[in-house]
Structure formats: C-alpha cells, structure tokens
Amino acid sequence: MALRNIREIGDRVLEKTCRPVAEVTPKIVDLVNDMVETMYEANGVGLAAPQVGILKRIVVIDVDPVEANPIIMINPEILEVSEETQTGDEGCLSVPGKAGQVTRPMKVKARAQDINMETYEIEGEGLLARAICHELDHLDGILYVTKVEGELHGMEAPEDVEIED
Amino acid sequence: MANAVNIRELALLSLLEMQQEGKQSHRVIRGVLDKYQYLPKQDRAFFTRLCQGTLEYRPQLDYILNQYSSVKTKKMKPVIREILRMAVYQLYYMDQVPDSAVVNEAVKLAMKKGFKSLKGFVNGVLRTAVRDKGNLKFPGPDQPLKYLEVQYAMPEYLADKWLKAYGLEQTAKICQAFLEEKPLTVRLRDHGSQEEKEAILQELEEAGVEVLPAPYLEMARILKGYNTLQYLPAFYEGKLQVQDVSSMLAVECAGIQPGQKVLDLCAAPGGKTILAADRTGESGSVLSRDLTDYKTELIRDNLERCNIHHVKTEARDAAISDPALLDQMDVVIADVPCSGYGVIGRKPDIKYRASLENQQELVDLQRAILKNAASYVKPGGVLLFSTCTIAEEENENNVRFIREELGLKSESLDPYLPEELHCASTQEGYLQLLPGTHSCDGFFVSRFRKC
C-alpha cells in the first residue's frame, strides 16, 4: 500500500471522462487499496480514481467518523434519486481549503461492482447520498465547484477548544 | 510549551509514515530530526520519545483503548487511531505531561486534522482512560500469549516463537529488555593509546556529554546528554564510531592482525569495517561491500569522517559469486541480512513485520551468501558469521550448515571474549547474545577456520 498524489483543480485529468473497468487485475486491487489509504490520510469522506490521476470508473467512500468501513464502487451508476433535497457545504480533496454550498438529493440509490466484480446496490441518505453524487460526478469530469450556489469560501479555521469535564 | 502542538502533529505524521510499506521507523525519525535541527533539545527528545514509545507499545496501547472505545482499534480510521495511541502513551509513560494537557492536546490535534465531529469521542475515550488508569488490569501470565502481547507489547507471532524456544520467564526478560531505553554506544578510536583515549574523553566532556562505561569492552562507551551527535567535534573528527557492543564483539572474535587482508561482505553502515581497518592498520587492507550504492555511500561517509584510506568500497550482491576473490582473504566477515529480532529494542517496527513467510527466504539468502563468503577465505583463514537476530533457523542451524555443507571448522571464541561471556557454546565456536541476559543488543557470533 502506498499513498498517491492527489491532483488539484486546474489539472486537466480532473476534467476528463473515465473509462469503465473491465476486470479487476492486481493493479486495480493496488489502486483501490491506495485510494482508501490516501482518502484516510487526507481525512476525506470519498475519493475518485481521477483524483489520483487514473481515468477509471472507481470511487471509494467512507462517511463514518471513526470506524473504517470503506465502500468500494467500481463502474457505479445512480439508479434513483429522491425528490427531497439537501443544501449544504461541500468540499473536495482536489480543491483544498475551500468549501461551497451545493444542493444534492437527500437520498440516492446506486448500483456498482465490488472488488470481486460482484454487482450490488446501495442506498444512501444525507452525507452518504451527497458523497455518492459528488464522487460519481468526478468520473464524468465534473467538479463540485461548477455546482456551487453563491461563492466558494475558505474552510473555517478550527476554533479554540474548551474542554468541559 | 508553545511548540507542543506542532511537535505532536509532527509525531502523528511520522507515526503514520512509518506504517507505510518499506518505511523504517528509525529513518523516519532521523529524517525529521535532521530537517528540524533548529528545534530545542527538549522538543527533539519529546518528539523522539513520543514516536518511539507509541510505536513500541502499540499492542498495549490498543488493548487499553479497546477497553474504552466502542469502535475497536483494528476497525478505526488510521489518523484518529494514531492520535488516540499517542495520547494513551503519554498518559501511561510520560509523567511530565499532565493528564488534562494530554487530553486537550489530543482533541486539538484531532480538530486540526479535520475531525471536528470527533471532539466528543476523543474527549470521552481519553477521559475514561484517565479516570480508570489505576483500575485497569492487564492479562496475567496464566494466558501467556495475551500476557506477552499486552504487558510486553510483543505481537503474537514472535511471542509464540520465543515461548516455544525459551519458555515464559526468559521470553518475558527478552521482551522487557527491548522496552528499556537503548543508550547510544560508541567505540573510541584510540588505536590502543591511553593518551589518545584521554584526549577523546576530555573533548567529549568539554562538549558537555556524559560518558559512561559500556559492558564487555574497554573501547566501548555510552553517550548521554548530547543534542546532535553530528555536531560533536569528537564525532565529526572521526574519533568515535557509533556501534553496539555486540557488533564490536563480533569483529573482535575474528582476531584480525595487522597487515591482514579482510573482506566485510554486508558492511553498511560500516562500523565493523572501520574496526577491522583499525585492526589491520595501513599495512593491511579491507574490502567493504554492500548491495547498493546508497549503502556503500553510507560506508564511504563514515570512512571519510574517520580518515581511513586503506578500505575499498564496492556495491555488489553478496549472493552472487565473485571468482576474483576465491581463496584471497585472511578474514571474511559475513554479517548477513537477517530478521533483526535482536535489535527490536532500537527498531520496534521489526516486531510488527515479523512473519513465518519471510523466514525460509531469509535462510536461503543467508546460505547463498555464506557459501560465497567461505569460498573467499584463503586456506587457513577465518570466516566470521554473525547476525543481529535470535532465531535458531538463522543462527545455530547455519553454523551446522557451515560445518557440514561448507566443511569449515568451528573455533573457540574464548580467546577473544571477556571472561564473563565464556560458556559451553563459546568454546564450541558460537555465542548467542540475548537481550535481558546480556547487556547489549541480541546478536549471534560464530567463528570458523578453513582447512
């Protein structure tokens, strides 16, 4: 396992459409493991293959704050979205230090293949729904900054902590 | 402690880096210390201790955390897990930091790393750990594997291996010795002159360094209270060489005489080569080899610093036979690549990487090297075989291989060793130094003569 370099906005690789994965080779397994490791190290909730410079339809997502439970999505597609929406701040490891308001569906249902190329379906709500939409956009060369309502803003600096007993 | 937050963040990043494939903890720590040379002495010491300790005690720290966290450490995301481990290490082993400061700094660090939502979690787990510190019980000797894993922070694979070889009491002693502070041992290059020795010692004293006697050898000393070794005149003038006593003993067992031709096969960073060169004198010569240019560069740096000109370095694979050297050498030193279990006290990452799979591969490599090493010894010359491990497969079994397959004869080590180390095996031609029993790294030395 190794950390990969995260490509940042302005890098043309982030604007391209990714190719489907036909089979899981040992190289793909390495890539997926590295993506998970890189996501954790950067403290992100999701990472798409183009963000590490690979134009393949692979994303990894983990929205749990403590526990490591990565969701691996190969050739993912969205099946259904809810009418109900959520509007809130979104950030991206490829746009460091920034955030912006984006409206996404409250729930999504998606289909993907896992690391054994077995097809599965997943339903996400709230942050997970947002992460699935955000990461899948990457596979088609779309960054969230094109969907921001209003202005991008800097991330708030960590406030001073007061710890109560 | 204005810098404390940054030091902890530096430690966090270093600990995460150490867990990546191919990274060695001592190199990561050295890299940071070299980069941040301007840091005050106490910050450097705090950083080193926190990194080493958190790495070294990992199985115990995880046991403690798992008493208080609903998410077990195995399942935790790496950044938050490392922040918690660092905090528990400080709670248990760094008395100079108040418990409340440990918790506050851990929460701040988690937030700085973007884990704002985990403020409550980090705070909760650590507060409970503080409150329960006096009550927590570790598994006892009635569960030997669990006991060794938690009390002595030794992963199951090695704990099990040594339990079978040495029994519980001896294994506990070995593991305990690994956890104790490892002093920096150096060799004084006084060339046997009392005057030169006094001069070196005085130079060290003037630099404010505390110099303590080391076990077994008069030329060895323990250094304490220095800031950056590289800045000590005695060091950069080449008057001392960093080397564990065990490694000095190995070279001494070769019994090198002035004028002899010596080959050091796996030589980096060069401690043995330099001692061998000091023994041959300029009327003799040393050929010093290691696998890569990076490694021979380390040797050359040390040779240059020590102002030694009768050593030649070459990057060569010791496992590939070199016909030019057949029957050429008075002495061949083969300190072969090994599992390194003897130096776990200095390089704790070794214990986490130990596995059964690597064992046979290593032995095959060792035997390929030993076969070549023996062929380079001239008839009547000496082969010195050593490792820094405590595994029978790599030590005693290879002695048998050298005797039976390569046809060399074991020779007693007693003439070269201080009396306190004499035992049945030294007379038979080999010595296993065990941490906890002997006052040095775990090391294996054996001596053979070619007929």
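In chain B, B:Gln432 stands opposite B:Phe444 in strand S12. Helices (H or I, at least four residues) and strands (E, at least two) are DSSP runs, numbered from the N terminus. This is a predicted model, in which local features need pLDDT of at least 70, side-chain atom pairs count only at pLDDT 80 or more, and totals for chains, interfaces and linings use all residues. Residues are numbered from 1 along each chain as its sequence is written, while chains are lettered from A and ligands numbered from 1 in the order in which they are written.

Let us stay with that strand pair in chain B. Strand S11 (residues 430–433) and strand S12 (residues 443–449) run antiparallel and are joined by four bridges; two strands pair if DSSP finds at least two bridges between them. In a regular strand the side chains alternate between the two faces of the sheet. Both faces of S11(B) are covered, with B:Tyr430 and B:Gln432 buried on one side and B:Leu431 and B:Leu433 buried on the other. Here a residue is buried if 20 or more other C-beta atoms lie within 10 Å of its own, exposed if 12 or fewer, and partly exposed in between, with C-beta atoms placed from the backbone.

Helix H12 (residues 245–253) of chain B is largely enclosed by the rest of the structure, because nine of its nine residues are buried. Among them are B:Met248, B:Leu249 and B:Val251, together with B:Glu252. Just after H12(B), B:Gly255 takes a positive phi of about 60°.

| Domain of chain B | Residues |
|---|---|
| Domain 1 | 4–136 |
| Domain 2 | 184–242 |
| Domain 3 | 245–449 |

Taken over C-alpha atoms, the centres of domain 1 and domain 2 of chain B are separated by 34 Å.

Now for the place where the chains meet. The contact takes 13 residues from chain A and 24 residues from chain B; two residues are in contact if their C-beta atoms, placed from the backbone, lie within 7 Å. On the side of chain B that touches chain A, helix H5 (78–93), helix H6 (99–112) and helix H7 (119–132) each supply at least two residues. H6(B) gives the largest share, six residues.

Chain A has two helices and eight strands, and from the N terminus on its elements run α-β-β-β-β-β-β-β-α-β. Its C-alpha trace spans about 50 × 40 × 40 Å along its principal axes. Of the 165 residues in chain A, 31% are buried.

Five strands of chain A form an open sheet in the order S1-S2-S3-S6-S7, with antiparallel pairing. Strand S1 (46–48) and strand S7 (119–125) are the edge strands, each pairing on one side only. Within chain A, strand S2 (residues 58–61) and strand S3 (residues 71–81) run antiparallel, joined by four bridges. A:Ile61 stands opposite A:Ile71 in S3(A).

Which strands does helix H1 (residues 26–41) of chain A lie across? H1(A) lies across S1, S2 and S3 of chain A, running at about 40° to S2(A). Axes are lines fitted to C-alpha atoms, for helices over the stretch in contact, and angles run from 0 to 180 degrees between N-to-C directions. Helix H2 (residues 127–139) of chain A also packs on the sheet, touching S1, S2, S3, strand S6 (107–113) and S7 of chain A, and its direction makes about 155° with that of S2(A).

Technical notes
Domain bounds come from an automatic or database domain assignment.
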